[in-house]
Amino acid sequence: MRLHFVGGIDTVTGSQHIIEANGKRVLRDCGLFQGRRKEAAARNRDLNFDVDSIDAVVLSHAHVDHCGNLPTLTRFGYDNPVYATSATEALCEIMLRDAAHIQEQDAAYLNQKTNRKGLDPIVPLYTTEDAEAIIGCFQGVEYGATVGFTKDFSARFEDAGHILGSSVTVFNIHENGRAFKIGYALDLGRRDLPLIRDPYIMQNLDVLVMESTYGSRKHGDANNASEQLREIIVKTFERGGKVLIPSFALERTQEILYDLYSLVEEKKLEPLPVYVDSPMANAVTRVFFEKWDYLDEHFMKRGKRYGPNIPHWMHFVSGVQESKNLTASKEPAVVIAASGMCEHGRILHHLKHGIEDPKNSIVFVGYQAAHTLGRRILEKQKDIRIFGDEFQLGAEIHVANAFSAHADRDDLIEYALESKADKIFLVHGEEKEREALAKTLRNEKLNVFTPTAGEVVEL
Ligand SMILES: [Zn+2]
């Protein structure tokens, strides 16, 4: 049996792994690579494996860096099952349709430019039709369920505690008289996140393939995140500014809304104008209400009041005109908009209008991958370009890593130790983070490997 480390190995996007056993090949995630435009286009278009050879997909969760390149499979003729939890399935319908729309828009925009130069037209990475085709391949399962590819090769889904519906996967394999138990934990969540349950700990593994996004870093307490946010909001409002929060439409937005709701309910914050300016975030929030039983018991208790009754100060913007009015408005407000790394979406319009104003605050609540606009703003680089124009950074920049849905260094060490895995393969981390974690785990006497992208390991 073989483990193929295809993508998302020494980087945090484009997660793709193949598990090969009993003559079957299972693809674990088919994420979109994000980064420099040209490199991303090439990496996403040319898959580093033969699509015809894939018998099934096992999908961990609905973030695009894990599911966003699934429609490319159907573009190459894939029509086998995609197994995922039913919450992931519901979320992927939204995420993949949106991703296809972005691909089509991007190609149309670039073609406007290239047409003038008389070059060949750019074809979108995939289309809405490809997205619909892969959505049709989904088969929803629940936590604890096992799907079989052969009688000796199966996958069990357990809660990853990362976002709604996210799963870690235990592959059980018998081959040539030997038994293997292989666990995939990417992305892995944290204990005590406000909305979702704690991660399931896969134990007695032969192999653990684990993420290392925050391999060297420690987050603040998740409970301190809302206090940090409260302070930023109070100070920004006092000087008459806006709080702009680039946020993943999925999960982070709902967590921030829940925190704001709690702060107001506990009278730590006056009711305040909060705008979610993302049609996708609105759709995703609806799935949270539909998939109530996936959520944390703690949330369920207090969430009864949260329910579908939206407080009067919380606004879900849908129409383009409404979004434009909000962008132009100078009134203090909290604006939450996608995308989380500022690569697409309405946040770009808000940044364009607000990034130079020192009254405003920009709050990063998620990981900013290398070469994304979010990373450039975070690092306060000089050449901040939005829609082709250059901007001077004037707004205050804040990082609220405590909002992270990823395990930090200490969580990862604990998980690795508790898994009792004979071998640990670290992936899904930029080199510095991955190496730091490898060193720490080796100090704990664990058998750690850092494969390269494209490497195939025979067990
Ligand atoms: Zn994720």
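Reply: Asp192 sits in the loop that links S10 to S11. The model is a predicted one, and every value below is computed from it. The phi angle of Asp192 is near 65°, a positive value in a residue other than glycine. Most residues other than glycine have a negative phi, and most peptide bonds are trans. Asp192 has 12 C-beta neighbours inside 10 Å and therefore counts as exposed, since the cut-off for exposed is 12 or fewer.

The loop between S10 and S11 also holds Asp187. Leu186 and Asp187 are joined by a cis peptide bond, with omega at about -5°.

S10 and S11 belong to an open sheet of 7 strands, ordered S7-S8-S9-S10-S11-S20-S21, in which the pairing is mixed. Its edge strands are S7 (146-150) and S21 (448-449), each of which pairs on one side only. S11 covers residues 207-211 and runs parallel to S20, residues 423-427, with 5 bridges joining the two. Within this pair, Met210 stands opposite Leu426 of S20.

Helix H13, residues 409-419, lies across S10 (178-185), S11 and S20, and runs at about 170° to S11. Helix H14, residues 431-443, packs on the sheet and touches S20 and S21, its direction making about 160° with that of S20.

The contact between the two domains takes 28 residues from domain 1 and 27 residues from domain 2. On the side of domain 1 that touches domain 2, the residues divide into 15 nonpolar, 7 polar and 6 charged.

There is also an open sheet of 6 strands, in the order S14-S13-S15-S12-S16-S19, with parallel pairing. S14 (314-316) and S19 (396-399) stand at the edges with a single partner strand each, so one side of each has no neighbour in the sheet. From one strand to the next, the twist averages 20°. S13 (residues 274-276) runs parallel to S14, and 3 bridges join them; the bridge partner of Tyr275 in S14 is His315.

Helix H11 packs on this sheet, touching S12 and S15, and its direction makes about 145° with that of S12. The buried residues of H11 (347-354) are Ile347, His350, Leu351, His353 and Gly354. Their cover includes strand S12 (243-246), helix H10 (320-328), strand S15 (334-337) and strand S17 (384-386).

S12 pairs with S15 in the parallel sense over 4 bridges, and Pro246 stands opposite Ala337 of S15. S12 is also joined to S16 (residues 361-364) by 2 bridges, again parallel, with Leu244 opposite Ile362 of S16. Val243 and Ile245 point one way from S12, Leu244 and Pro246 point the other way, and all are buried.

Glu251, which is not a glycine, has a positive phi of about 80°. Glu251 lies in the loop between S12 and helix H7 (252-265). Is Glu251 buried or exposed? Glu251 has 29 other C-beta atoms within 10 Å and is therefore buried, since the cut-off for buried is 20 or more. A cis peptide bond runs from Ala338 to Ser339, with omega near 5°, and Ser339 is in the loop between S15 and H11.

Last, the protein as a whole. It has 14 helices and 22 strands. Its radius of gyration is 22 Å, close to the 23 Å that the globule rule gives for 459 residues, so the protein is as compact as a globular protein of that length. Along the principal axes, the C-alpha atoms fill a box of roughly 70 × 60 × 40 Å. Buried residues make up 47% of the 459 residues. Of the contacts with a separation of 6 or more, 75% are between residues 24 or more positions apart.

Note on methods: Residues numbered from 1 in each chain as written. Predicted model: local features only at pLDDT ≥ 70, side-chain atom pairs only at ≥ 80, totals over all residues. Contact = placed C-beta atoms within 7 Å. Nonpolar A, V, L, I, M, F, W, Y, C, P; charged D, E, K, R; others polar. Pairing = 2+ DSSP bridges. Axes fitted to C-alpha atoms, helices over the stretch in contact; angles between N-to-C directions. Rg over C-alpha atoms; globule rule 2.2 N^0.38 Å.
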